[in-house]
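Subject: Structure handover, charged side chains

Hi,

My notes on its charged side chains follow below.

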Amino acid sequence: MALSRVCWARAAVWGSAVTPGHFVTRRLQLGRSGLAWGGPRSSKLHLSPKADVKNLISYVVTKTKAINGKYHRFLGRHFPRFYVLYTIFTKGIISIPPFANYLVFLLMYLFPRQLLIRHFWTPKQQTDFLDIYHAFRKQSHPEIISYLEKVIPLISDTGLRWHLTDLCTKIQHGFHPAIRDILALRECFSNHPLGMNQLQAFHVKALSRAMLLTPYLPPPLLRHRLKTHTTVIHQLDQALAKLGIGQLTAEEVKSACYLRGLNSTHIGEDRCRTWLGEWLQISCSLKEAELSLLLHNVVLLSTNYLGTRR
């Protein structure tokens, strides 16, 4: 009995020194440290749902990039020319949304004129699409002739006024002008009001449409772009005159005529060579200050080419 009382007394003393709360806290700390010391399997129990989603997204993105890389290498190895065109379009707005670059094939099939270059057109598509583009620039021809008539009173020289009036009349009556009729107006297109730097905004926009250039830019940019474009054509004309038209193939002749304003898709090769020869005679006779006449020549020389000559 005495021994049992001593044990109970010691238990009472220890109980007052070590509280139950402290004992429970130590047990929880040991439990937590045991979980932390555990293997990888126990650590997964503490991952949040957000972390799981991020890991899944990262895995999908990695796999998608790997598949896309293999796809690009396949195209570059087996279809190099198509891969160049494909890359150009996938780097634009189309490839910004995820997986949208795979819509390029469908878009190129549905809109070949807008999204494919000429080398990928079928022979029928080449004829149809070139007719469409020429119809666009032909719509501006009457507008440009009307602008020329409006500036005739502003020309100080009486002889130049008469020549320009006669030229506009011939074109409006379906006659194809002669080379001498156009070259007689060189001075008129080198100064006010038809010089390159003196053209009005509406006149510049109409000429841009005739050259298949966008007219939706500020007039100073349009004027600079037209001047640059005409200068390049003038330099090509000088090189072509030295080479000789006879060195060109039939396709090259037709392409050169179309670039300079003539719808050569429905004109024979001989007629195209004749027209290109007329163009080169005029172009090579002009100086840099007279390039406005070469720009207007897209309308003056190409209109009514198969019509009556005078």
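K124 forms a salt bridge with D128, with 2.7 Å between the closest N and O atoms. A salt bridge here is a side-chain nitrogen of Lys or Arg within 4 Å of a carboxyl oxygen of Asp or Glu. Both residues sit in helix α8 (residues 123-138), four residues apart, about one turn of the helix. Helices are DSSP runs (H or I, at least four residues), numbered from the N terminus. K124 is exposed at 61% relative accessible area. D128 is partly exposed at 31%. The cut-offs: buried is under 20% relative accessible area, exposed is over 50%, and partly exposed is in between (1.4 Å probe, protein chains only).

Two notes on the source. This is a predicted model, in which local features need pLDDT of at least 70 and side-chain atom pairs count only at pLDDT 80 or more, while totals for chains, interfaces and linings use all residues. Residues are numbered from 1 along each chain as its sequence is written, and side-chain values use heavy atoms, with hydrogens and water left out.

How many salt bridges does the whole structure hold? The search finds seven.

One of them joins R209 and E143, at 2.6 Å from N to O. This pair links distant parts of the chain: R209 is in helix α12 (residues 201-210), E143 is in helix α9 (residues 141-151), and they are 66 residues apart. R209 is partly exposed at 30%. E143 is partly exposed too, at 27%.

Next, helix α10 (residues 158-172). D166 and K170 lie in this helix four residues apart, so about one helical turn separates them. They form a salt bridge, the closest N and O atoms being 3.4 Å apart. Is K170 buried or exposed? K170 counts as buried, because its relative accessibility is 8%. D166 is partly exposed at 21%. A network of salt bridges links D166, K170 and D181.

Last, the surface. K63, K70, R73 and R77 gather there in a patch of positive charge. Patch residues have over 30% relative accessible area and no salt bridge; like charges are joined within 9 Å. Lys and Arg count as positive. The place of a charge is NZ for Lys and CZ for Arg. Areas come from the Shrake-Rupley method with a 1.4 Å probe. R77 lies in helix α4 (residues 49-78). R77 counts as exposed, at 57% relative accessibility.

Best wishes

Key:
Patches are made of residues with over 30% relative accessible area and no salt bridge: like charges are joined within 9 Å, nonpolar side chains (Val, Leu, Ile, Met, Phe, Trp, Tyr) within 5 Å. Helices (H or I, at least four residues) and strands (E, at least two) are DSSP runs, numbered from the N terminus.
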